[in-house]
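Here is a friendly walk through one predicted protein model.

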Amino acid sequence: MSHTADDVFDDPFAEQREMRELLSQETRHLIVQCLLGHPHHLASLAELTYMIQKNEGAILDQLETLQEAGLLNVYVHEPNVSTRDLPSRFWGPTERGVEVLYEHNFLRGVPVARAVYEETNKSEKVRRHETAPRPSLPDTVHEALQFEEPVPEE
């Protein structure tokens with residue numbers, strides 16, 4: 001059975017199904033969860049590889065798939081490019097990405113993803129990457145990912 005471009009317009013849920021399928025693949029799902037939990041919502045490839053425990057090539061393939069779908073982008077921090085021990089390339093959500101994540105109820109999980117991320121023991125390299133200077137996300141993306149941090153009980 002062949003489909004035409006008109007078929008997509010006949011099915012208003014086609015894109016929603018496509019995004020749900022895209023986000024439900026295990027490695028892509030873990031990438032999104034890691035980015036939602038990251039304190040800056042921008043992670044280096046080394047941070048993602050450490051947190052996800054899959055090989056770098058597999059993670060990079062899925063990052064590129066998410067980028068092609070318009071959900072993630074690479075944000076470069078130019079001052080780090082010439083610094084040996086600091087990453088300069090960080091993966092993070094786009095405006096379109098946070099819209100899709102909102103539509104699929106991923107953003108409700110930001111506080112839980114943050115708690116999981118914070119409770120994970122990290123290597124020295126990952127801690128160095130986590131605290132490295134990085135670019136800012138677009139304001140609309142940054143604002144969409146904010147939540148009220150709980151106040152610790154005394």
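Let's begin with asparagine 105, which sits in the loop between α6 and α7. The phi of asparagine 105 is near 65°, a positive value in a residue other than glycine. With 45% relative accessibility, asparagine 105 counts as partly exposed; buried means under 20% relative accessible area, exposed over 50%, and partly exposed in between, using a 1.4 Å probe and protein chains only.

A word on the ground rules. This is a predicted model, in which local features need pLDDT of at least 70 and side-chain atom pairs count only at pLDDT 80 or more, while totals for chains, interfaces and linings use all residues. Residues are numbered from 1 along each chain as its sequence is written, and side-chain values use heavy atoms, with hydrogens and water left out.

**The overall picture**

The protein has 9 helices and 2 strands, arranged along the sequence as α-α-α-α-α-β-β-α-α-α-α. Of its 154 residues, 39% count as buried. The protein exposes about 9600 Å², of which carbon and sulfur atoms supply 49%; these areas come from the Shrake-Rupley method with a 1.4 Å probe, and for residues only the protein chains shown count as cover. Among contacts (heavy atoms within 4.5 Å) between residues at least 6 apart in sequence, 71% join residues at least 24 apart.

**The nonpolar core**

In soluble globular proteins, nonpolar side chains tend to be buried together. Here a nonpolar core is a set of buried Ala, Val, Leu, Ile, Met, Phe, Trp, Tyr and Cys residues joined through side-chain atoms within 4.5 Å. Which residues touch the most other members of the largest core? They are Ile31, Leu36, Leu48 and Leu63, out of 33 residues in that core. At least two core residues come from each of α2 (14–24), α3 (26–37), α4 (45–52), α5 (56–68), β1, β2, α6 (95–103) and α7 (110–119). The most are given by α3, with 5 residues.

Two packed helices are described by the angle between their axes and the distance between the axes. The axes here are lines fitted to C-alpha atoms, for helices over the stretch in contact, and angles run from 0 to 180 degrees between N-to-C directions. For the residue classes, Ala, Val, Leu, Ile, Met, Phe, Trp, Tyr, Cys and Pro count as nonpolar, Asp, Glu, Lys and Arg as charged, and the others, Gly among them, as polar.

| Pair | Axes come within | Crossing angle |
|---|---|---|
| α3 and α7 | 7 Å | roughly 85° |
| α3 and α5 | 9 Å | roughly 80° |

Gln33, Cys34, Leu36 and Gly37 of α3 meet Val110, Ala113, Arg114 and Tyr117 of α7. By class, this contact of α3 with α7 holds 5 nonpolar, 2 polar and 1 charged residues.

Turning to the axes of α3 and α5, which cross at roughly 80°, α3 is likewise roughly perpendicular to α5. Here Thr27, Arg28, Ile31 and Val32 of α3 touch Ala58, Ile59, Gln62, Leu63, Thr65 and Leu66 of α5. The contact of α3 with α5 has 6 nonpolar, 3 polar and 1 charged residues.

**Around α4**

The loop between α3 and α4 holds histidine 41, whose phi is near 60°, a positive value in a residue other than glycine. Histidine 41 counts as buried, at 2% relative accessibility. Within α4, Leu45, Glu47, Leu48, Thr49 and Ile52 are buried, and the buried residues of α4 pack against α3, α5, β2, α7 and α8 (124–130). Leaving out residues up to four places away in sequence, leucine 48 touches Ile31, Cys34, Leu35, Ala43, Gln53, Ile59, Leu63 and Trp91. Glutamine 53 follows α4 and has a positive phi, near 60°.

**The loop between the strands**

Is serine 88 buried or exposed? At 15% relative accessibility, serine 88 counts as buried. Serine 88 lies in the loop between β1 (72–76) and β2 (89–93), and beyond residues up to four places away in sequence it touches Tyr75, Val76, His77, Asn80 and Val81. Valine 81 belongs to the loop between β1 and β2 and is partly exposed, with a relative accessible area of 48%. Apart from its neighbours within four places in sequence, valine 81 is in contact with Val76 and Ser88.

Technical notes:
Helix = DSSP H or I, 4+ residues; strand = E, 2+ residues; numbered from the N terminus. Parallel < 35°, antiparallel > 145°, perpendicular 65-115°, else oblique.
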